[in-house]
Amino acid sequence: MTYRPFGSDLVYLDYNATAPTRPEALEATLAAMRTVGNASSTHRSGRDASDRVDLARRQVGDLLNCSSGEIVFTSGATEANNLALRAAFARGGKLVTSAVEHPAVLETARALTAERPGSLALVPVNEYGLVDLDDLRATLATGDVAIVSLMAANNETGVLTDLAPIVEAAHERGALVHTDATQLIGRLPIDLAEMDVDLLSLSAHKFGGPQGVGALFTRRGISLPYRPLLIGGGQERGWRAGTLNVAGIAGAGAAAEAARVALAAEVSRVAQLRDALERSLVEQVGDCWVNGKLDQRLPGVSSITFGGAPADAVLAAMPDVAASEGSACSSGAPTPSHVLLAMGRSREEADSTVRFSLGYATTASDIDRAASSVVRAVRQVRAALAAPL
Ligand code: PMP
């Protein structure tokens with residue numbers, strides 16, 4: 001059974017904001033909360049807590065195919081991104097990232113580099129949201145790059161970054177590579193034995209774990225002058241002091257395990273549902289298009305621009321569908337999506353774009369219901385705007 005706290009009449013298509021809790025995650029979280037124990041205590045009760053954390057570390061490591069010793073638990077991907085960038089930038093040299101990153105990378109990069117003019121390089125993306133490798137190589141050729149941080153999958157468009165050649169180019173120049181893989185983990189398989197990134201961030205609530213838990217993968221053997229944000233008892237190999245969030249971490253581990261087991265089947269099922277939604281909307285609505293590199297996206301994400309229909313009005317006209325205007329983190333703010341602007345879209349187009357994100361619990365009937373609500377909403381908004389005052 002899937003928990004649907006938002007009510008059964010709401011079609012939930014906002015997995016990129018947060019995914020419904022997986023039942024396995026809820027059980028593991030509750031089981032940890034029903035017992036008492038600080039994972040740092042040496043008595044039996046403490047060992048029970050540290051066993052739960054060890055299990056979760058193995059489960060997250062298995063999802064990534066890395067060693068559990070390479071996982072640092074954090075409060076989420078925002079913290080993992082902050083830790084990765086702070087540590088890597090402390091090596092000296094430039095920080096290279098892209099114009100379409102999540103604010104947890106972009107704003108951190110801006111803040112870190114503010115005191116050293118010229119130490120930030122933002123690589124542009126093309127109209128499909130893809131980073132230009134030649135551009136990146138040219139930036140790397142200027143020398144003195146400490147870290148390249150590029151997201152594995154974009155939260156607004158789902159566009160995937162082809163990381164392998166980027167890692168190769170960066171390593172040739174002695175730069176470390178970090179990837180914010182928050183939207184990819186648990187949605188597509190990843191193999192860190194093959195993919196040679198040095199640092200990777202993830203967040204449990206994007207794949208059915210609790211909110212407020214994430215992890216930073218730090219590859220064994222890389223030399224990194226770590227710069228903890230929280231200083232204290234030295235937990236998590238000194239990366240993050242503070243009593244471990246045992247219940248949340250246990251939930252994250254259980255969600256990682258459940259996602260790993262289900263992943264192969266979910267990828268194609270979710271992609272088919274997303275494609276059906278897009279086909280249906282493009283056929284029925286007219287003057288609308290899907291953003292991003294269509295054959296290089298996460299399976300469950302669809303960024304659709306409805307010409308002449310502001311997204312806030314469309315969303316308000318379909319209260320039975322949960323979707324997003326741009327990214328959830330910037331919803332409510334009057335600024336247009338920096339991702340769509342970086343892809344060359346106009347402000348008006350960006351403001352008329354809705355992000356639908358599907359996931360493991362989305363059903364075919366969800367898609368049928370959502371499609372008819374969206375069609376009705378867009379027509380209604382267009383008609384209202386066309387009507388004489
Ligand atoms: N990076 C990306 C790409 C995201 O989509 C998000 C969540 N919106 C974050 C980072 C921040 O994650 P968290 O909520 O775990 O801090």
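This report describes charged residues, ligand contacts, helix packing and a few backbone features in a predicted model.

Residues are numbered from 1 along each chain as its sequence is written, and side-chain values use heavy atoms, with hydrogens and water left out. Because the model is predicted, local features need pLDDT of at least 70 and side-chain atom pairs count only at pLDDT 80 or more, whereas totals for chains, interfaces and linings use all residues.

**Salt bridges**

The structure holds 13 salt bridges, a salt bridge being a side-chain nitrogen of Lys or Arg within 4 Å of a carboxyl oxygen of Asp or Glu. Side chains of opposite charge can pair when their charged atoms come close.

| Pair | N to O distance | Relative accessibility |
|---|---|---|
| R57 and E236 | 2.7 Å | R57 14%, E236 9% |
| R137 and D134 | 3.9 Å | R137 41%, D134 57% |
| R347 and D351 | 3.5 Å | R347 45%, D351 30% |

The pair of R57 and E236 links distant parts of the chain, since R57 belongs to helix α2 and E236 to the loop between β8 (214–218) and α7 (246–285), 179 residues apart. Helices (H or I, at least four residues) and strands (E, at least two) are DSSP runs, numbered from the N terminus. R57 is buried at 14% relative accessibility, and E236 is likewise buried, at 9%; here buried means under 20% relative accessible area, exposed over 50% and partly exposed in between, with a 1.4 Å probe and protein chains only.

The other two pairs lie within single helices. R137 and D134 are separated by about one helical turn, because they are 3 residues apart in helix α5 (residues 133–141), and R137 counts as partly exposed while D134 counts as exposed. R347 and D351 are also separated by about one helical turn, being 4 residues apart in helix α10 (residues 347–351), and R347 is partly exposed, as is D351. An α-helix has 3.6 residues a turn, so residues three or four places apart point the same way.

**A buried glutamate without a salt bridge**

E70 is found in the loop between α2 (44–64) and β2 (71–74). E70 is buried yet has no salt bridge, and the nearest side chain of opposite charge, that of R219, is 4.9 Å away; in this count Lys and Arg are positive and Asp and Glu negative, with His and the chain ends not counted. The side chain of E70 instead reaches backbone nitrogens, that of S67 at 2.9 Å and that of R220, which lies 2.9 Å from a polar atom of the E70 side chain. A polar contact is a pair of N or O atoms within 3.5 Å; within protein, one must be able to donate a hydrogen and the other to accept it, and residues adjacent in sequence count only if both atoms are side-chain atoms. Not counting residues up to four places away in sequence, E70 touches L216, F217, T218, R219, R220 and R237, where contact means heavy atoms within 4.5 Å.

**Ligand surroundings**

The ligand is surrounded by 14 residues, of which the closest are A77, T78, D180, Q183 and S203; a residue is near a molecule if one of its heavy atoms lies within 4 Å of it. One oxygen atom of the ligand lies 2.8 Å from a backbone N or O atom of A77, and an oxygen atom of the ligand is 2.5 Å from an N or O atom in the side chain of T78. For D180, an N or O atom of the side chain is 2.7 Å from a nitrogen atom of the ligand.

In helix α4 (residues 103–113), the buried residues are A104, V105, L106, T108, A109 and T113. They are covered by elements including α3 (77–89), β3 (94–98), β4 (120–123), β5 (145–149), β6 (176–180) and α9 (338–342).

G307 is found in the loop between β10 (301–306) and α8 (311–316) and counts as buried at 14% relative accessibility. Leaving aside neighbours within four places in sequence, G307 is in contact with D287 and R382.

D144 lies in the loop between α5 and β5 and is exposed, with a relative accessible area of 57%.

The count of disulfides comes to 0, a disulfide being a pair of cysteine sulfur atoms within 2.5 Å. Among the cysteines, C66 is buried at 15% and C288 is buried at 11%.
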